[in-house]
Amino acid sequence: MPIKKPFRVVSLNYLAFFMTLAAWQPFIGIYLQDAGWTGFEIGLFNAIGPLLAFFTQPLWGLVSDALGNVRLVYMSLLAATAGAVMVFWFLPVSGLFFALAVILGVTQGPLSAMLDAMAVQTLQDSSNRIGQA
């Protein structure tokens, strides 16, 4: 049985999302350590994002519900996240990285939940086939 288009689209979205995280997340700690940051500073930097995501996910959910367009909010947050990550390239390693960690926490944190919401919305017509590829 061939895989239908919605399954392919959802799978490719998840693949792209988690590939970008895998290219970035594991190496930022090593980069900061090489720049002379202490373990505490690196841990604090890595903790800011999930902490802010805990608080901002419901807020972005309200925004997407109010607009009635999860994809628009998702794409906007994705672009903001990409822009914030690119700023890291041009800045010297300094305390400004903490400000960027805050921006990433606000923009990147809700992306996974929004991707899940879009997947469920896309696949709801084929809900009896979930897990059957």
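Leu32 is in contact (heavy atoms within 4.5 Å) with Trp37, Ile42, Phe45, Val93 and Phe97, leaving aside its neighbours within four places in sequence. This is a predicted model, in which local features need pLDDT of at least 70, side-chain atom pairs count only at pLDDT 80 or more, and totals for chains, interfaces and linings use all residues. Residues are numbered from 1 along each chain as its sequence is written, and side-chain values use heavy atoms, with hydrogens and water left out.

A nonpolar core is a set of buried Ala, Val, Leu, Ile, Met, Phe, Trp, Tyr and Cys residues joined through side-chain atoms within 4.5 Å; buried means under 20% relative accessible area with a 1.4 Å probe, protein chains only. The largest such core has 13 residues, and Leu32, Trp37, Phe45, Phe88 and Phe97 touch the most other members. Two or more residues each come from helices H1 (5–34), H2 (39–67), H3 (70–90) and H4 (96–107), helices being DSSP runs of H or I with at least four residues, numbered from the N terminus. H4 gives the most, four residues. A second, separate core of nine residues includes Val73 and Met114.

Next come the pockets. A pocket is an open set of points on a 1 Å grid over the protein atoms alone, where a 1.4 Å probe fits, with protein on both sides within 12 Å along at least five of seven lines; lining residues have an atom within 4 Å of a point. Of the 13 residues lining the largest pocket, Phe17, Thr20, Leu21, Leu78 and Thr81 lie nearest its centre. H1 gives the most to this lining, six residues.

Notes
Buried means under 20% relative accessible area, exposed over 50%, partly exposed in between (1.4 Å probe, protein chains only).
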